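Open the model in the viewer and keep the selection panel at hand. The stops below go from the whole chain to single residues.

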Amino acid sequence: MAGHGEKDIHGVDLLIDSDPPVYYQRFEYDGRFGQAKHEYYRDFLDVAEYGAMHGDDLGYIFSPYNAEQAVAQPEEFREEWRVHRWTVELMANFVKHGNPTPTRSLYSNVTWPAVNRNGSRNTYLNIDKTFELRELDDDVTLNRWEKVYNCLYYEMCDQILS
C-alpha cells in the first residue's frame with residue numbers, strides 16, 4: 001500500500017517490500033525508432049499527439065525496425081541514436097549489475113533510484129529527449145490511467161464521467 005501522499009503504482013506496491021531493487025520508468029520519447037506509432041498504427045491515428053505507444057521502447061532497446069535507413073543516414077537519426085545508446089546502457093547495466101545506473105554515464109548525469117529504496121517510492125525515470133527523474137504525483141498520464149483502472153476493476157467511474 002502507498003503511504004500518505006504517495007501514489008500507488010498498481011502491481012508495484014506488492015514489490016515495494018521485496019528484497020531486490022525495483023525500478024520504475026516511463027518511455028515517452030516519440031522518435032522514429034518507435035515502430036508501433038510510426039509503422040503499425042500510422043494509418044489509424046487521427047491526431048499526431050506527442051508520445052510513445054506501447055512497444056515503441058523496443059526500437060530503443062533492440063535493433064530498430066528501420067535500422068538500415070538509420071545506419072545509412074546517421075545525421076538524420078542523431079537524436080534517435082542518442083536515446084537508443086543510453087536506453088541500451090540502462091538495460092545492460094540493469095541485467096549485469098541489478099542497477100541501471102551503477103556508475104556515472106557518458107550519456108546522462110541521472111542516477112535512477114529504486115522505488116523501494118531510500119524513500120524514493122514516488123520517483124521514476126522519464127525517458128524522452130532528456131532523461132529525468134519525476135514524481136508520480138505530477139504524472140498526468142498516470143493519473144488518467146489510474147481513473148480508467150479504477151473504473152474497470154473497481155467500478156469507480158464517476159471520475160471519468162465528470
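The disulfide is the place to start: the link between cysteine 151 and cysteine 157 is right-handed, with 90 degrees about the S-S bond. The two sulfur atoms are 2.0 Å apart, and a disulfide here is a pair of cysteine sulfur atoms within 2.5 Å. By that rule the count is one.

Before moving on, note that this is a predicted model, in which local features need pLDDT of at least 70, side-chain atom pairs count only at pLDDT 80 or more, and totals for chains, interfaces and linings use all residues. Residues are numbered from 1 along each chain as its sequence is written, and side-chain values use heavy atoms, with hydrogens and water left out.

**Whole chain.** Colour by secondary structure. The protein chain has six helices and three strands, in the order β-α-α-α-α-β-β-α-α from the N terminus. Helices (H or I, at least four residues) and strands (E, at least two) are DSSP runs, numbered from the N terminus. Of the 162 residues, 36% count as buried. Buried means under 20% relative accessible area, exposed over 50%, and partly exposed in between, with a 1.4 Å probe and protein chains only.

**Between α5 and α6.** Select glutamate 155, in the loop between α5 (140–154) and α6 (158–161). Its phi is near 55 degrees, a positive value in a residue other than glycine. Most residues other than glycine have a negative phi. Glutamate 155 counts as exposed because its relative accessibility is 72%. Cysteine 157, at 22%, therefore counts as partly exposed.

**Helix α4.** Select 78–97. The end C-alpha atoms of α4 are 28 Å apart, in agreement with the 28 Å that its 20 residues should span at 1.5 Å a residue; the expected span is 1.5 Å times one less than the number of residues. Buried residues of α4 include Trp81, Val83, Trp86 and Leu90. Among the elements that cover the buried residues of α4 are β1 (25–27), α3 (67–72) and β3 (131–135). Just after the helix, glycine 98 takes a positive phi of about 75 degrees.

**The largest nonpolar core.** Which residues have the most contacts inside the largest nonpolar core? Show Val83, Leu90, Leu125, Ile127 and Phe131, from a core of 17 residues. A nonpolar core is a set of buried Ala, Val, Leu, Ile, Met, Phe, Trp, Tyr and Cys residues joined through side-chain atoms within 4.5 Å. Both α4 and β2 (123–127) supply at least two residues of this core, and the largest share, four residues, comes from α4. Now centre on leucine 90: not counting residues up to four places away in sequence, it touches Pro100, Thr101, Trp112, Leu125, Ile127 and Phe131. Contact means heavy atoms within 4.5 Å. Another core, of five residues, lies apart from the largest one and includes Val22, Tyr24, Val115 and Leu136.

Select leucine 106, in the loop between α4 and β2. Leucine 106 counts as exposed because its relative accessibility is 80%. The C-alpha atoms of leucine 106 and tryptophan 86 are separated by 8.5 Å, with the two residues 20 apart along the chain.

**Last stop.** Show Arg82, Trp86, Tyr107, Ser108 and Phe131, which line the second largest cavity.

Key:
1 Å grid on protein atoms, 1.4 Å probe; cavity = no way out; pocket = protein on both sides within 12 Å on 5 of 7 lines; lining within 4 Å.
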